Amino acid sequence: MRPCGRMRCASNNDDRTTMDFKPEHVHYDIVEKWIRDGIKESHDAYFDVNRFDIELQRIEDKFIFHHKSLVSFVRNCMVPHIKRTSPKVKANLSKYIEQYIQGRTILSLAKEANYSPHLFSRYLVEALTQFKSKKLTDALRNPEVHLVDANVFQEKYRLSQITSNRLAREVLEAQQADPLHGPRAEVQRHMLGIEFECVLEYQLRQIGIGFDTEDQLRKIGTSRTPDVLLASPLAVRVPCKKCTGYEWKVICWIDSKALYGDIWTHNTSIISQAES
């Protein structure tokens with residue numbers, strides 16, 4: 001997901017009529033800082049899908065960063081932030097519920113907490129209603145169906161100023177505002193995963209490497225189903241961790257992650273999975 005090459009570009013918004021743009025990895029540090037600073041500062045783009053799309057387009061144009069790579073890069077950077085912030089949101093949930101009852105919106109509370117609007121709405125719905133597990137998931141997928149009955153509230157909240165219509169409306173608003181979580185993001189990730197599984201299979205066929213697909217493995221009832229199981233193991237030359245040279249690793253299967261290869265994700269997630 002890292003396109004390379006050089007491009008010439010003319011821009012009406014720049015004093016330069018033409019400019020040589022370098023491959024995206026040359027601007028990696030600048031783009032990573034922009035992403036991480038925006039997350040830390042609770043940038044409006046993470047609470048408004050239209051603003052998010054505009055900001056990403058600006059970065060794409062300025063640094064010639066492929067759109068799918070950039071979206072994935074942002075998601076990767078958001079993962080540790082969500083993990084760090086979740087305990088704080090849970091610890092302050094009673095305070096947020098009180099503010100919500102007094103009239104604050106889910107979206108404004110999520111921004112104050114610097115937390116995903118969709119995930120924030122999940123915590124709130126779980127605390128306010130009697131829904132758990134699958135019913136909670138169903139309620140979030142279709143709030144206009146499952147959250148419009150006042151009886152869904154826990155008894156202690158039924159006499160509050162919250163109305164079921166308000167909760168359903170604001171849950172939907174939070175989902176629609178969240179560029180990285182919720183129904184829109186789930187569909188995007190699913191389609192991207194399918195696309196890059198197809199890319200993986202195509203590239204293996206192009207270089208004549210035999211393999212079985214995940215669907216083929218399921219049909220024959222194998223216990224593990226990676227995206228592709230190689231017909232014959234391959235050896236790959238990689239830097240040696242315990243020496244200064246290289247060593248050979250045997251590869252038997254490949255999973256397509258469809259993730260941008262940023263340094264943090266590669267070091268903390270991909271390497272450990274690849275070596276397991």
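# Notebook: salt bridges, rings and strands

**Entry 1**

I started with Arg51, which is partly exposed at 31% relative accessibility. My cut-offs: buried is under 20% relative accessible area, exposed is over 50%, and partly exposed lies in between (1.4 Å probe, protein chains only). I note that this is a predicted model, where local features need pLDDT of at least 70, side-chain atom pairs count only at pLDDT 80 or more, and totals for chains, interfaces and linings use all residues. Residues are numbered from 1 along each chain as its sequence is written, and side-chain values use heavy atoms, with hydrogens and water left out.

Which residue does Arg51 form a salt bridge with? I found Glu55, with the closest N and O atoms 3.5 Å apart. A salt bridge here needs a side-chain nitrogen of Lys or Arg within 4 Å of a carboxyl oxygen of Asp or Glu. Glu55 is buried, at 10% relative accessibility. Arg51 and Glu55 are separated by about one helical turn because they sit four residues apart in helix 2 (residues 49–63). I take helices (H or I, at least four residues) and strands (E, at least two) as DSSP runs, numbered from the N terminus. An α-helix has 3.6 residues a turn, so residues three or four places apart point the same way.

I searched the whole structure and got 14 salt bridges. One of them joins the side chains of Arg36 and Glu32, at 3.3 Å from N to O. Both lie in helix 1 (residues 28–40), four residues apart, about one turn of the helix. Arg36 is partly exposed at 28%, while Glu32 is buried at 17%.

I then checked Glu112. Its salt bridge goes to Arg104, with the closest N and O atoms 2.9 Å apart. Glu112 is partly exposed at 43%, and Arg104 is partly exposed at 28%. Elsewhere, salt bridges with shared partners tie Asp44, Arg51, Glu55, Arg58 and Lys111 into one network.

**Entry 1: Aromatic rings**

How many aromatic pairs does the whole structure hold? My search returned seven. Rings of Phe, Tyr and Trp (its six-membered ring) pair if their centres lie within 6.5 Å; planes under 30 degrees apart count as stacked, over 60 as edge-to-face and the rest as tilted. The rings of Phe65 and Phe73 have centres 6.2 Å apart and planes at 25°, so I list that pair as stacked. Phe65 is buried at 2%, and Phe73 is buried at 0%.

Tyr28, Phe65, Phe73 and Tyr260 form one aromatic cluster. Tyr260 lies in the loop between strand 5 (246–254) and helix 12 (263–275). Is Tyr260 buried or exposed? Tyr260 is buried, at 1%. Tyr260 and Lys68 are 192 residues apart in sequence, yet their C-alpha atoms are 8.2 Å apart in space.

**Entry 2: Arginines over rings**

I looked for charges over rings, where NZ of Lys or CZ of Arg must be within 6 Å of the ring centre and within 35 degrees of the ring normal. Arg166 lies over the face of Tyr100, 3.8 Å from the ring centre. Arg237 lies over the face of Tyr246, at 4.1 Å.

Among the buried residues of helix 9 are Arg166, Leu167 and Val171.

**Entry 3: Strands 4 and 5**

Trp248 in strand 5 is the bridge partner of Arg237. Strand 4 (residues 228–239) and strand 5 run antiparallel, joined by eight bridges. Two strands pair if DSSP finds at least two bridges between them. A hairpin of six residues joins strand 4 to strand 5.

**Entry 4: Positive phi**

I noted two serines. Ser42 has a phi near 55°, positive in a residue other than glycine. Ser42 lies in the loop between helix 1 and helix 2 and is buried at 9%. Ser133 has a phi near 50°, also positive. Ser133 belongs to helix 7 (residues 133–141) and is exposed at 57%.
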